[in-house]
Amino acid sequence: MNSTLTDPRAPGELAQRWAIGLLRLPGSYQPYPVSLRDIEHDTAWARRVFERLGIRAGVPMHLIGAGCDNEILWPYENALIAMKVPFGVAEPVAIDAPRSDMFLRRFQMQAVMGLTGELADALVALGRDLHSLLGHSTIVASPDAVPALRAAGLAPWTMRTIGPIWAFESSDGDGARYDDSEWLIEEQGGELLLTSVAPRACPFVRLRTGVHGRVALHGDERRVHAD
């Protein structure tokens, strides 16, 4: 019996198909495999996102994401583990609102990432005041949650889903940053198109995302301004 251990980074099924998700697109679905290389690069990007948000080691945060998006969510969890940031995870839907409510009431969360409009409405329905619950945290929310958060006197970042990636815009509204070492975002007829520029397990060429917006240069950096 050969006892030699296989390097998981060597070419093969594990390295090339580390995880397979289901990408939701306008009017369709398609398999979305990610390789170990993809996970490592996406984790490095997630860490840069957290550093920009000012996330500190040893202080808890709340991470909200759908289990069906684990191939996209895992790099953010992986980055927090490497940064020694304790975190609690919940689903972004109303039925799981009591879990988020529990985390937010019991712990002084330094940040809340992935808050959706559905979840914000559910927290209000539970009798929670959004400013009291979230006012001490850095908030990163989906676009449908932003109006309610601003009405509560909060200044959230916006997390925009563009195909299989997340782009992040500060509360200043200065455009959403994304990992341009892995992806190119272009605009055609008001729709954002996504192209992979690195050797990913699932390459895309001008993928129609169904997201409306434009791309603008900020210095040497391309940022997304979504409608």
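Predicted model: local features only at pLDDT ≥ 70, side-chain atom pairs only at ≥ 80, totals over all residues.
On the α2 side, the contact is made by Ile 39, Asp 42, Thr 43, Trp 45, Ala 46, Arg 47 and Phe 50. On the α3 side, the residues taking part are Glu 71, Trp 74, Pro 75, Tyr 76, Asn 78, Ala 79, Leu 80 and Ala 82.

How much confidence does the predictor place in the chain? The average pLDDT is 93, and 94% of the residues score at least 70. Residues 1-5 are another story: pLDDT stays under 50 there, and the model gives this stretch zero contacts beyond four places in sequence.

Next come the salt bridges. Side chains of opposite charge can pair when their charged atoms come close. A search of the whole structure turns up 16 salt bridges. One of them joins Asp 69 to Arg 24, with the closest N and O atoms 3.0 Å apart. Asp 69 sits in the loop between β3 (61-64) and α3, while Arg 24 belongs to strand β1 (residues 19-25), so this pair ties together parts that are 45 residues apart in sequence. Asp 69 is buried, at 14% relative accessible area, whereas Arg 24 is partly exposed, at 43%.

Arg 48 is part of helix α2 (residues 36-53) and Asp 179 lies in the loop between β9 (176-177) and β10 (183-188), so the bridge ties together parts that are 131 residues apart in sequence. Here, Arg 48 is partly exposed, with a relative accessible area of 40%, and Asp 179 counts as buried at 5%.

Asp 101 is in helix α4 (residues 97-106) and Arg 128 is in the loop between α5 (117-125) and α6 (130-134), so parts that are 27 residues apart in sequence are tied together. Asp 101 counts as buried, with 4% relative accessibility, while Arg 128 is partly exposed, at 28%. Salt bridges also link up into a network, made of Arg 37, Asp 38, Asp 42, Glu 182 and Arg 200. Asp 42 has already come up, as one of the α2 residues in the contact with α3.

Finally, a word on the backbone. Most residues other than glycine have a negative phi. Against that background, where does Lys 84 lie, with its positive phi near 60 degrees? Lys 84 is in the loop between α3 (70-82) and β4 (87-90), and it counts as exposed, at 64% relative accessibility. Arg 206 also has a positive phi, near 50 degrees. This arginine is found in the loop between β11 (191-196) and β12 (207-218), where it is partly exposed, with a relative accessible area of 35%.

Conventions: Residues numbered from 1 in each chain as written. Heavy atoms only, no water. pLDDT = per-residue confidence, 0-100. Contact = heavy atoms within 4.5 Å. Helix = DSSP H or I, 4+ residues; strand = E, 2+ residues; numbered from the N terminus. Buried < 20%, exposed > 50% of the residue type's maximum accessible area, 1.4 Å probe, protein only. Salt bridge = Lys/Arg side-chain N within 4 Å of Asp/Glu carboxyl O.
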